[in-house]
Amino acid sequence: MLIDNHGRPINYLRLAITDRCNLRCFYCMPEEGIQYLPKPHLLSYEEMLRLCRILAEMGISKVRITGGEPFVRRDIIPFLWKLSEIEGIEKINITTNGVLTAPLVPELKQIGISSVNLSLDSLDRQRFFEITRRDEFPKVWATLEALLAHDIPVKVNTVVMAGKNDADILSMVELARNQNVSVRFIEEMPFNGEGLRPEQMEFWSYRRIIDLIRSEHLELYKLQDEPNSTSYNYHIPNFKGTIGVIAAFSRTFCGTCNRIRVTPTGSFRTCLYDDGVFNVRDFMRQKLSDEEIKQRIYDALQNRAKDGFEAENRRSGAISESMTTIGG
């Protein structure tokens, strides 16, 4: 198993397969002026499968496929089938905005996808449009219904933004009343292509989110979190689902982080907040052997930042990239 220099086991890869997205969420990317990368700049499916096989041999057992929006990349389903056949990969999870996903849910079930994180920041169609700059709420809702109908575990991810959707927190909680879903509220981060927004002065921390939910549901109680969980998880009596909060900006979960990231261009990140330690795409195209790539990965994890704050301090410049270029 991979162990970093702080004694943390690493068994989870977040693999972004595209920088493209069919929404334009303002907290994730600018509305215009996005320079998408030419296809040769991206890892090919063959390169990604090779990387996943190498990492599986090193102890990675869980892979999350993300983007951008992963389902905008052609031929993702054949890729997922091949990924599911790699020895050692026990769980494949997907993060999606749900716009293109509903028709594919039956095959995702056949492949054996372990769970899906569905990004959904409001149940109000107009507010959804204002956040995403696209009128696609009905398609996202259809995806949620399809996932539930096929018994694929669902986590609904909601980024909480001051003055934008903080009025939706309690209505989002209601999703868990009659549906077996985990509704998770995420602190807003500065990965929007521009850096911190002025509105983030009125920051919705994970504590503030929980305080609001508890003001409406006094009986809210803490659950035992799974090892390496990024969310603090809660339950409300008589609710079918659960509630979670993710301190993505406060970075309180770094001490048990078991994740590494690879961006669509092959940048290897040991933390969301670093700016990449090497490029695995370049190593492959330079014909490095599997063993040489394994050594580079091992070496990188022996110089891993203690937490997201240290990783940010090590960066060569301020955060200015979009989350679509990193992997949500």
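Where does Gly-68 lie? Gly-68 sits in the loop between β4 (62-66) and α2, and it shows up again in one of the views below.

This is a predicted model, in which local features need pLDDT of at least 70, side-chain atom pairs count only at pLDDT 80 or more, and totals for chains, interfaces and linings use all residues. Residues are numbered from 1 along each chain as its sequence is written, and side-chain values use heavy atoms, with hydrogens and water left out.

**View A. Helix α1 packs with helix α2.** Here α1 (residues 45-58) meets α2 (residues 76-84) at an angle of about 20°, and their axes are 11 Å apart. That makes the two helices roughly parallel (angles under 35 degrees count as such). Helices here are DSSP runs of H or I with at least four residues, strands are runs of E with at least two, and both are numbered from the N terminus. On the α1 side, Tyr-45, Met-48, Leu-49 and Cys-52 make the contact, and on the α2 side Ile-76, Phe-79, Lys-82 and Leu-83 do (contact means heavy atoms within 4.5 Å).

**View B. Phe-79 in the largest nonpolar core.** This core has 99 residues, and Phe-79 is among those touching the most other members, along with Leu-15, Ile-65, Leu-80 and Phe-185. A nonpolar core is a set of buried Ala, Val, Leu, Ile, Met, Phe, Trp, Tyr and Cys residues joined through side-chain atoms within 4.5 Å; buried means under 20% relative accessible area, exposed over 50%, and partly exposed in between (1.4 Å probe, protein chains only). The largest share of the core, nine residues, comes from α1. Skip its neighbours within four places in sequence, and Phe-79 still contacts Leu-15, Ile-17, Tyr-45, Met-48, Leu-49 and Ile-65.

View C. Val-262 belongs to strand β12 (residues 259-262) and is buried, at 0% relative accessible area.

View D. Most residues other than glycine have a negative phi, and most peptide bonds are trans. Back to Gly-68: a cis peptide bond joins Gly-67 to Gly-68, with omega about 25°. Arg-133 has a positive phi of about 65° without being a glycine; Arg-133 lies in the loop between α4 (125-132) and α5 (137-149) and is partly exposed, at 21%. Asn-238, with phi near 75°, is in the loop between β10 (231-235) and β11 (242-246) and counts as exposed, at 77% relative accessibility.

Key: Axes fitted to C-alpha atoms, helices over the stretch in contact; angles between N-to-C directions. Parallel < 35°, antiparallel > 145°, perpendicular 65-115°, else oblique.
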